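Here's a quick briefing to keep beside the model while you click around. Have the viewer open and follow along topic by topic.

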Amino acid sequence: MTVVEVGGGQTQECFLVFSPTQVTSYDFSLPLMVNGVKRPASLSSFFTSSSSSTPPLLTAESRKDIRTPSSIATEELQSMWIQATALFAPVEMSPTSLQYVVESHSDIFTQTVELNAEDEQCVCWQAVTGEGLHWWFDLSAAEAGTKELCVVAPTSGFLRPGQSVYVAVTIDPEAIRIGEKVSKVSVPLYLGEKENKRRPINEGLQSYRKLSVIVALKLPSITFHPRQILLTPVPLRRRIETTLTLQAAGYPCGTTLSATVDDVEMEDGTKMQPISVIFPDQNNTPAQDYNQQEADVISLLCEVSFCSAVPLSLCTAITFSDHMHNRFKIGLCAVADNCLLTVWPYMALHRSDQRIVLKTGATAVEAILQRYHTPSPASGPITSLSSVSSFDQSCSTYNNSDSFSYSDSVSGDTYVSPKTDTPTGLCIPQFPAANTKEELYYQHVLLAVKRWFSLCGWPNGPHPISIPHTLRRVVSAIQTNNSIGRSYCVSQNKDTRSVVDMLHHLTGQQIPGIRLCQTFSNDVHQRTTQLLQQHGAMLAFLRVQGACLSHIRPEYLLDVLEFRHCCSLQEKGTENGLDCSPSEYESLSKRSWTDVLLQIYKVLVLSRVPEKGLNTPLNPRDTDEILLDGSQPLDSNIYSPRELYLLSWININYQKMRRTVWDT
């Protein structure tokens, strides 16, 4: 029973749904009650059902809906008489919907639809005059622009009882409109005579069935492994290479892929291109077997190299394009610098096969990093600045790559680090694997950074820190009410010092975009947003000062809870999506904060050292052919001028004092 409330002067439209399950006819009046009173007063309802000798069930397509709008008034109410008849559908169409998944470069696709007429014993033929039924599809009713997409053959015919016919529906991918990934066409099927010159074909006619055609355009795709390229910071004029894997799907045989990288504009307006991309094997896709259910994925290898003669920290993208102007981008971060505080990961990577040496150049004494070799007498004096301990290359590994490796070419030699797979498939800054000599080098750097910033990095004296835990911790404020009704803040940590206090102490000024005394919300979402804004402002300030931090993102510096919340907000599988395990997060956080602290020291502390040479060179009798004596200009692809200044100063004072006999 259905109850409807209708106000005075209102009209309510009702629907009566007729869903028969057998061949039958119905003839009855619909009983109505208004305010509990049956209208009209004496209303008798009855059924008359005359079933045929064969009462099989109807299909869903043979169900009919009967709309019965009624206007109900309390003063004058008439009974509604219902007459309905259910018959077999004379012709069945199977299937009623076709779906195509095609490539833009594919050939024509064809599927078939069967029209099957019922046997002559069926009761439906009793209402048909003649020997059978005419049928025809009307493509002119389709939307403009989709008529060329779909072709039906044959478009018309005649069916006698028990006969069937197959109709071919052909799709031409070239007719798909530009910009559409899914196209839909509805082709009506009519029964009866088609020819009528006095009116259009489909005027005043109702379609017997509608054939739904859906065409999904499967665009070519390229997947990168890894999804982002992070190159190890390298000294100036030193080339580093990595292998990128392109997994191409949906391309025809012989498709050519090309790669482009935007030029880098320097401060003086000149442009340079430090990145090169080559395909060592081929940049053409081989043939694929389209008869398989899953399209083959073709892997193409691409070598990406980076080299710069000037200090450069960039974060750019490599764009791969095909003949259909589809573009696929992958991010790349690379750094070239002549500062040991920046290229220290490169030093850790090559502890066993390279060392820093001094050479007499054409205009200056050069401190360069080169591979071990026996110097020739004609090459001039060479002095090693330090002894280099042995390092097993097989232990050198990065846990931040997927199907690619680091390598750098020096004097025709190539270094390839072992490949490692990470669950994230992302190239992110991390510490090396534990219990390796490279990891030991990183720990020595970490210890040196922790000692200096514990002693000199804070206002009001030394403050022991733990990297990264002390720097990434959050000081939250909780609003509470006392008995008077006033609100006050309760700090969750007794020690409220943060990296902002460190920067203020080292710079003597407030960092733009960061408040000096800032408390954070107790809500994790608001707190994460505040921290991202603070870390973003800090990184922007340091980059303006000359820090090489293009590979560090603000979310890398978050604490555990905020980092997890930030990852939950990002879409997984994208270039910027993060889904790190706890161990990967700790490695990422430790490496990121180490790089940030070293760059803080570089731009805020080391920058106070003068760049020019010393005014008091050594006596010739004290030099013993030592080149760092302050008498000649110095140049280096791994040391900055300020670092060379400090090395010269230390060397001069050492040479002066080593011959002095100290009093006991």
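Of the contacts in this chain with a separation of 6 or more, 70% are between residues 24 or more positions apart; contact here means heavy atoms within 4.5 Å. Bear in mind that this is a predicted model, where local features need pLDDT of at least 70, side-chain atom pairs count only at pLDDT 80 or more, and totals for chains, interfaces and linings use all residues. Residues are numbered from 1 along each chain as its sequence is written, and side-chain values use heavy atoms, with hydrogens and water left out.

**The chain overall**

- The chain has 9 helices and 33 strands, taken as DSSP runs numbered from the N terminus (helices are H or I with at least four residues, strands are E with at least two).
- Of its 664 residues, 42% count as buried; buried means under 20% relative accessible area, exposed means over 50%, and partly exposed is in between, with a 1.4 Å probe and protein chains only.

**Helix α6 and its cover**

- Helix α6 spans residues 560-569, and its buried residues are Glu 562, Phe 563, His 565, Cys 566 and Cys 567.
- The cover over those buried residues includes α5 (524-545) and α7 (582-605).
- Take His 565, which sits in α6: its relative accessibility is 17%, so it counts as buried.
- Beyond its neighbours within four places in sequence, His 565 touches Val 524, His 525 and Thr 528.

**Aromatic rings**

- The structure holds 9 aromatic pairs. Rings of Phe, Tyr and Trp (its six-membered ring) pair if their centres lie within 6.5 Å; planes under 30 degrees apart are stacked, over 60 edge-to-face, and the rest tilted.
- Trp 452 and Phe 453 make an edge-to-face pair, 5.0 Å centre to centre with 75° between the planes.
- Within that pair, Trp 452 is partly exposed at 25% relative accessible area, while Phe 453 is buried at 2% relative accessibility.
- Phe 563 and Tyr 585 have ring centres 4.8 Å apart and planes at 35°, so this pair is tilted.
- Because Phe 563 lies in α6 and Tyr 585 in α7, the pair ties together parts 22 residues apart in sequence; both residues are buried.
- Phe 224, Phe 279 and Phe 320 form one aromatic cluster.

**A cavity to look at**

- Searching the whole structure turns up 3 cavities of 30 Å³ or more. On a 1 Å grid over the protein atoms alone, a cavity is a set of points where a 1.4 Å probe fits but cannot get out, and lining residues have an atom within 4 Å of a point.
- The second largest cavity has a volume of about 60 Å³, volume being the space filled by probe spheres set on the points, which are joined across faces, edges and corners.
- Residues lining the second largest cavity include Trp 344, Cys 548, His 551, Arg 591 and Asp 595.
- α1 (340-349) and α7 are the elements that give two or more residues to this lining, and α1 supplies the largest share, with 4 residues.
- The lining divides into 5 nonpolar, 3 polar and 2 charged residues (nonpolar: Ala, Val, Leu, Ile, Met, Phe, Trp, Tyr, Cys and Pro; charged: Asp, Glu, Lys and Arg; polar: the others, Gly among them).

- As background, most residues other than glycine have a negative phi, and most peptide bonds are trans.
- The peptide bond from Ala 153 to Pro 154 is cis, with omega near -5°, and Pro 154 is in the loop between β11 (150-153) and β12 (156-159).
- His 225 to Pro 226 is also a cis peptide bond, with omega near 0°; Pro 226 is in the loop between β16 (221-225) and β17 (228-230).
- Arg 237 has a positive phi, near 60°, and is partly exposed at 47% relative accessibility.
- Asn 435 has a positive phi of about 65°; this residue is in the loop between β30 (413-416) and α2 and is exposed, at 76% relative accessible area.

Conventions: On a 1 Å grid over the protein atoms alone, a cavity is a set of points where a 1.4 Å probe fits but cannot get out, and a pocket is an open set with protein on both sides within 12 Å along at least five of seven lines; lining residues have an atom within 4 Å of a point.
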